[in-house]
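Please read it alongside the sequence and the coordinates.

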Amino acid sequence: MDIQKAQPLLDYINKHVSLTKEEESTLLSHITFRKYLKGQYILQQGDICRYECYVISGCTKTFYLDDDGQEHIIMFSIEDWWAADMGSFIDQTPADFNIQCLENTELVMFSYDTIEDLYVKVPKLERFFRRIIEKAFIASQKRIVRNFSLTAKEQYLHFRQQYPEIEQRIPQYMIASYLGITKEFLSKIKSQLALE
């Protein structure tokens with residue numbers, strides 16, 4: 001196992017829980033690395049999400065397609081973030097979402113069985129993943145509240161403030177989809193902001 005390649009993951013985990021060298025070694029023996037090309041799917045709607053993925057490099061979008069074929073982007077994931085359909089992963093049921101690479105992307109992948117095994121062998125990792133899921137849940141709830149309470153302009157400003165590094169990496173129509181507005185309306189908002 002290439003420890004240097006896994007260093008970003010180890011650094012990320014050690015911000016939340018402190019692993020011994022032995023625990024790190026156990027963790028590294030249970031993970032796989034995978035590279036995807038821009039445009040490739042990590043997961044498709046209806047398939048079972050078999051992996052929880054940590055992004056080493058690249059960018060993904062998590063989205064669903066409605067019955068009219070309209071794309072609704074739920075989240076973006078870049079370096080040091082996670083990508084998975086958590087409901088599908090935890091319950092091992094068909095996924096509601098697609099996960100597609102917007103750039104060439106390298107991931108550390110944890111299979112469902114691997115995580116369960118790691119919880120037994122390195123109990124600290126159960127606490128770590130609980131914290132990650134709690135943070136994701138809180139972020140999801142806050143996003144719902146923002147969707148109800150903020151104007152489109154306020155939502156865009158929040159997006160830009162919270163994710164400044166993403167805006168340069170993805171097309172405007174995807175940001176519009178994430179915000180639940182048209183790309184024309186997003187252009188209008190950006191033009192107004194440029195004049196302020």
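The model is predicted. Strand S3 and strand S6 (residues 82-83) pair in the antiparallel sense over two bridges, and within this pairing Tyr54 stands opposite Trp82 in S6.

**Strand S3 and its partners**

- S3, which spans residues 51-57, is mostly covered, with five of its seven residues buried.
- Strand S8 (residues 105-111) also pairs with S3 in the antiparallel sense, here over six bridges, and the bridge partner of Tyr54 in S8 is Val108.

**Glu23 in helix H2**

- Glu23 belongs to helix H2, which covers residues 21-28, and its relative accessible area is 16%, so Glu23 counts as buried, the cut-off being under 20%.
- A polar atom of the Glu23 side chain lies 2.8 Å from the backbone nitrogen of Thr20.
- Leaving aside residues up to four places away in sequence, Glu23 touches Ser18, Val122 and Lys124.

**Positive phi values in loops**

- Asp80, in the loop between strand S5 (71-77) and S6, has a phi near 75°, which is a positive value in a residue other than glycine.
- The relative accessibility of Asp80 is 28%, and Asp80 therefore counts as partly exposed.
- Gln92, placed in the loop between helix H3 (86-91) and strand S7 (98-101), has a phi near 55°, again a positive value in a residue other than glycine.
- With a relative accessibility of 23%, Gln92 counts as partly exposed, because partly exposed covers the range between under 20% for buried and over 50% for exposed.

Note on methods:
Residues numbered from 1 in each chain as written. Predicted model: local features only at pLDDT ≥ 70, side-chain atom pairs only at ≥ 80, totals over all residues. Heavy atoms only, no water. Buried < 20%, exposed > 50% of the residue type's maximum accessible area, 1.4 Å probe, protein only. Helix = DSSP H or I, 4+ residues; strand = E, 2+ residues; numbered from the N terminus. Pairing = 2+ DSSP bridges. Polar contact = N/O pair within 3.5 Å; in protein donor to acceptor, adjacent residues only side chain to side chain. Contact = heavy atoms within 4.5 Å.
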